[in-house]
Amino acid sequence: MTRAHVTRAHVRSPAAAAALLALLALPAARAGAQEKEAPPAPGAPRDFVIPPAREITLPNGMGVTLVQYGTTPKVEVGLVLRMGNVNEKADQVWLADLTGDLLQEGTTTHSAEEINRAVADMGGSLDVGVAPDQTTIGGAVLGEFAPRMVRLVADVVRHPAFPDSELPRLRADRLRSLSVARSQPQSIALEKFLAVLYPDHPYGRLFPTPEMLQGYTVQQIRDFYAANAGAARAHLYVVGRFDEGAVEQAVREAFGDWRGATALAALPAPPAHAAAGDSAGWRMYVIDRPGAVQSSLYIGLHVPDPSSRDYIALQVMNALLGGAFSSRITSNIREAKGYTYSPFSQITTHYRDAYWAEIADVTTNVTGPSIKEILGEIERLRHDPPPDSELTGIQNYLAGTFVLRNSSRVGIENQLAFVRMHGLGDDWLSTYVKRVYAITPADVQRMAREYLDPDRMTIVVVGDRKVVDPQLRELRKREGPGVRGQGPGARE
């Protein structure tokens, strides 16, 4: 779960299709009371072939990517700004989010109602999504209206009204969201987990205080936007069926003389990643939630980011360990032991930074055993490479879901933006499937050995301490220096 998942979901993914493809990773059917006929082996997913893209750089430095894709007469228009929560100061948490909210409340020439009506007339909608490293403004419309949508997006980003009259309502909405998020145990666990991984860094600040939110002014929003939004930090993506000449003309006319903020300023560097063996033991934090029938767990550490040559091997390792429905941790604590319903692991990325985490809500009275089994599966993979058959299933799953993620207009836009932000090169997408299948069992084991050292893990538990603490005594013998607890009765 990322920060965006907790505070502002802006996710568009073929979840149902991905769930179906997860079946590709299942091992051969186990023998049961009655022998069942094995299904035919799945065909190997094809390589992803990205449609030809036309790249344009305007004189002001703004980049443009035009991609003709599909047969449906629709188009996705999205402007990606390198502006997000990473640009916030310690006393500005969620200022980027509130800026995104107010950005949708009209321009100096058109009201929010007029803009919404105009987009609806084009057969679409306008969305603003704020994430740690970037903000995306745009949406899907009928292809014939692509030039008009380009001009509308330009009006929104270049001439925002930021009306004072709407700020109280938007602040109240954010305060309600904050209250809900802080009542959720997984959100509480994530907040602590990020604060430990990213001390004194924007990536480690998940939630503002209510007082902070209530204190934000329109002038602060205007200043934040002026300092961070501009052509030099912007890239426009147009994907679908559209008149390329008309769209290019609209882009040049609407964005050609935009200036705004200069190139991306230096940002605080994420904490240096400790090498294996640098820590004397893991760090464990228990946040008391009296009477809770479940404990929410976050277990993880820093890993290499997408620019690393090991990143794809890390993705394969993650899927095999906890990131697929048939993964080892899921099979262990969900299927075999019944400790939890939906555990999962993931690699969360930022610009030049990433972390791996296993996330689970487990029954309170098996909190300690659950952590022990999770760490045990990590140790097992570090000790022995996986069998070829298990790895092949995971490779089929990853290759298949990758192709599905790129089979829509917004999917292509998201992947192109991901590659551009991380500087991955033009062939990263087209060679992804081949590189997944090139990973060997020894590679998977090496990823676990090099990057998933249990002695460097941060473990956060949100649960009923009086039940949880006795279960953690044995585990804490390996714990390094650090906070032992938080909340009533916390030990420092």
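What share of the 492 residues in the chain is buried? The figure is 53%. Keep in mind that this is a predicted model.

First, the overall picture. The chain holds 18 helices and 12 strands. Take the contacts between residues at least 6 apart in sequence: 82% of them join residues at least 24 apart.

Now the cores. The largest nonpolar core has 79 residues. Within this core, M62, L79, L236 and F255 touch the most other members. Which helix gives the most to this core? That is α5, residues 146-158, with eight residues.

Set aside its neighbours within four places in sequence, and F255 is in contact with L58, N60, M62, L79, V150, V153, A154, V157, R158 and L236.

Next, a helix pair. Two packed helices are described by the angle between their axes and the distance between the axes. Here the pair is α11, residues 311-323, and α14, residues 388-405. Their axes come within 10 Å. They cross at roughly 105°, so α11 and α14 are roughly perpendicular to each other. Who meets whom? From α11 come Q315, V316, A319, L320 and G323. From α14 come E390, L391, I394, Y397 and L398. By type, the residues of this contact are seven nonpolar, two polar and one charged.

Helix α12, residues 328-336, comes next. Which elements do its buried residues pack against? They pack against α11, β10 (353-363), α13 (367-383) and α14. The buried residues in α12 are R328, I329, T330, N332 and I333. After α12 comes G338, with a positive phi, near 70°.

Last stop: E105. This residue sits in the loop between α3 (95-103) and α4 (112-121). Buried or exposed? The relative accessibility of E105 is 19%. Buried means under 20%, so E105 counts as buried. What does its side chain make a polar contact with? The partner is the side chain of R169, at 3.2 Å. Beyond residues up to four places away in sequence, E105 touches A112, P163, E166, R169 and L170.

To recap. In this predicted model, F255 is among the residues that touch the most other members of the largest nonpolar core. Helices α11 and α14 are roughly perpendicular. And E105, a buried loop residue, has a side-chain polar contact with R169. That's it from me.

Note on methods:
Residues are numbered from 1 along each chain as its sequence is written. This is a predicted model: local features need pLDDT of at least 70, side-chain atom pairs count only at pLDDT 80 or more; totals for chains, interfaces and linings use all residues. Side-chain values use heavy atoms; hydrogens and water are left out. Helices (H or I, at least four residues) and strands (E, at least two) are DSSP runs, numbered from the N terminus. Buried means under 20% relative accessible area, exposed over 50%, partly exposed in between (1.4 Å probe, protein chains only). A polar contact is a pair of N or O atoms within 3.5 Å; within protein, one must be able to donate a hydrogen and the other to accept it, and residues adjacent in sequence count only if both atoms are side-chain atoms. Contact means heavy atoms within 4.5 Å. A nonpolar core is a set of buried Ala, Val, Leu, Ile, Met, Phe, Trp, Tyr and Cys residues joined through side-chain atoms within 4.5 Å. Axes are lines fitted to C-alpha atoms, for helices over the stretch in contact, and angles run from 0 to 180 degrees between N-to-C directions. Angles under 35 degrees count as roughly parallel, over 145 as roughly antiparallel, 65 to 115 as roughly perpendicular and the rest as oblique. Ala, Val, Leu, Ile, Met, Phe, Trp, Tyr, Cys and Pro count as nonpolar, Asp, Glu, Lys and Arg as charged, and the others, Gly among them, as polar.
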